[in-house]
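Subject: Structure handover

Hello,

Here is the structure for you to look through. Please open it first, then read my notes below.

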Amino acid sequence: MRPQVALLLLLGSACCGSAQLIFNTTKSVEYTICNETVVIPCIVINGGAEDIAELYVKWKLKGQYILNFDGEKQKLYTHPEFPSARISQADLLKGIASLKMNRNETVVGNYTCEVTELTREGETIIELKYRVVSWFSPNENILVVIFPILAILLSWGQFGIMTLKYKSSNTKEKTILLFVAGLVLTAVVVVGAFLFASGEYSAKNASGLGLIVIPTAILILLQYCVFMIAIGMSSFTILYHILILQGLGYVLSLIGLSLCVSECTPVHGPLLISGLGIIALAELLGLVYMTFVASNQKTLQPPGSN
């Protein structure tokens, strides 16, 4: 009798084992701001259904049903708070009952996937986590802010040389206008830097980046005006090359900006940074040239004032 009892127990164990669906275990998954669609895996590894009518799938979050699929009726029911929740019916016979949702409807927490296949059933729990990712890398964040601010400081240096070395009542109004333009540019870029502060991709960060990059066009005008007021046409050849270089940097930074603001992961960040770096370089060359000229003159004379 004992061998028979052992055989019955073995058969019962095998029977019970066949009645339980086994899942490919996934403890947790992560999503970020860059995920338009969030996928929570649910994969049965010992499924045997040959017809989708044999399957019934339920997804729950904290005990609340967010999706039910009735294979026999060929109907999918979703909770009103999760209208985008869906599963791929074509993959169900392959054992794949993964849940897909739009990111803006997703809630972090423990999701339960229940699958019933005729008389067999099983469930698995997957924790969904949110991971914060920076839009730009830390080094890129620093360079995007540093280069425009450096360019502005160099521009103020040029303005300072012009003011100290060139005295003329005829240009007081121009000097005041340049001073105001410089203040406005500085204020706008500083505000942009605060908005752009390292963080996730968002409308605020993108706006901050725009405030950093776009107004740097004013630097081209300021450099031209400062040179014309301080040194005049005698510096036109040097000024021409510096402005060409600065214009090239501005174009590159604009292209980089347009490419970056449309992407959650800005792969064109180096292009943007290169443009900003060239702008700062042009301002440095202008300052060096003005310093060299000023060092050879006690007072910079206005154009045609001899």
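Is Cys34 buried, partly exposed or exposed? Cys34 is partly exposed, because its relative accessible area is 28%. On this scale, buried means under 20% relative accessible area, exposed means over 50%, and partly exposed lies in between (1.4 Å probe, protein chains only).

**How to read the model**

This is a predicted model, where local features need pLDDT of at least 70, side-chain atom pairs count only at pLDDT 80 or more, and totals for chains, interfaces and linings use all residues. Residues are numbered from 1 along each chain as its sequence is written, and side-chain values use heavy atoms, with hydrogens and water left out.

The pLDDT is the predictor's confidence in each residue, from 0 to 100. Its mean over the protein is 85. Of the residues, 86% reach 70 or more.

Two stretches need care. Over residues 1-17, pLDDT stays under 50. The model has 0 contacts beyond four places in sequence for residues 1-17. A contact means heavy atoms within 4.5 Å. Over residues 298-306, pLDDT also stays under 50. For residues 298-306 the model has 16 contacts beyond four places in sequence. Where pLDDT is low, the predicted coordinates should not be read in detail.

**The overall picture**

The protein has 7 helices and 8 strands. Helices (H or I, at least four residues) and strands (E, at least two) are DSSP runs, numbered from the N terminus. There are 306 residues, and 40% of them are buried. Take the contacts with a separation of 6 or more: residues 24 or more positions apart account for 64% of them.

**The disulfides**

How many disulfides does a search of the whole structure find? It finds 2. A disulfide is a pair of cysteine sulfur atoms within 2.5 Å.

Cys34 bonds with Cys264, and their sulfur atoms are 2.0 Å apart. This link is left-handed, with -75° about the S-S bond. It ties together distant parts of the chain, 230 residues apart. Cys34 sits in the loop between E1 and strand E2 (37-40). Cys264 sits in the loop between helix H6 (236-260) and helix H7 (269-295). Cys264 counts as buried, because its relative accessibility is 18%.

The other disulfide joins Cys42 and Cys113, with sulfur atoms 2.0 Å apart. The torsion about its S-S bond is about -75°, so this disulfide is left-handed. It also links distant parts of the chain, 71 residues apart. Cys42 lies in the loop between E2 and strand E3 (55-61), and Cys113 lies in strand E7. Cys42 is buried at 1% relative accessibility. Cys113 is buried at 0%.

Number the bonded cysteines in sequence order, and the pairing is 1-4, 2-3.

**The strands**

Which strands form the open sheet, and in what order? The sheet has 6 strands, in the order E1-E8-E7-E3-E4-E5, and the pairing is mixed. Its edge strands are E1 (28-31) and E5 (75-78), and each pairs on one side only. Two strands pair if DSSP finds at least two bridges between them. Neighbouring strands of this sheet are turned by 20° against each other on average, direction ignored. Axes here are lines fitted to C-alpha atoms, for helices over the stretch in contact, and angles run from 0 to 180 degrees between N-to-C directions.

Strands E7 (residues 109-117) and E8 (residues 120-130) run antiparallel, joined by 9 bridges. Thr112 has Ile125 in E8 as its bridge partner.

Strand E2 runs antiparallel to strand E6 (residues 99-102), and 4 bridges join them. Thr37 stands opposite Asn102 in E6. The side chains alternate along E2. Val38 and Ile40 point to one face and are buried.

Helix H5 (residues 217-230) has 14 residues. At 1.5 Å a residue, H5 should span 20 Å. The expected span is 1.5 Å times one less than the number of residues. The end C-alpha atoms of H5 are 20 Å apart, which agrees. Buried residues in H5 include Leu219, Leu222, Val226 and Ile229. An α-helix has 3.6 residues a turn, so residues three or four places apart point the same way.

Thr175 is in helix H3 (residues 172-196). It is buried, because its relative accessible area is 19%. Leaving aside neighbours within four places in sequence, Thr175 is in contact with Phe159, Met162 and Thr163.

Best wishes
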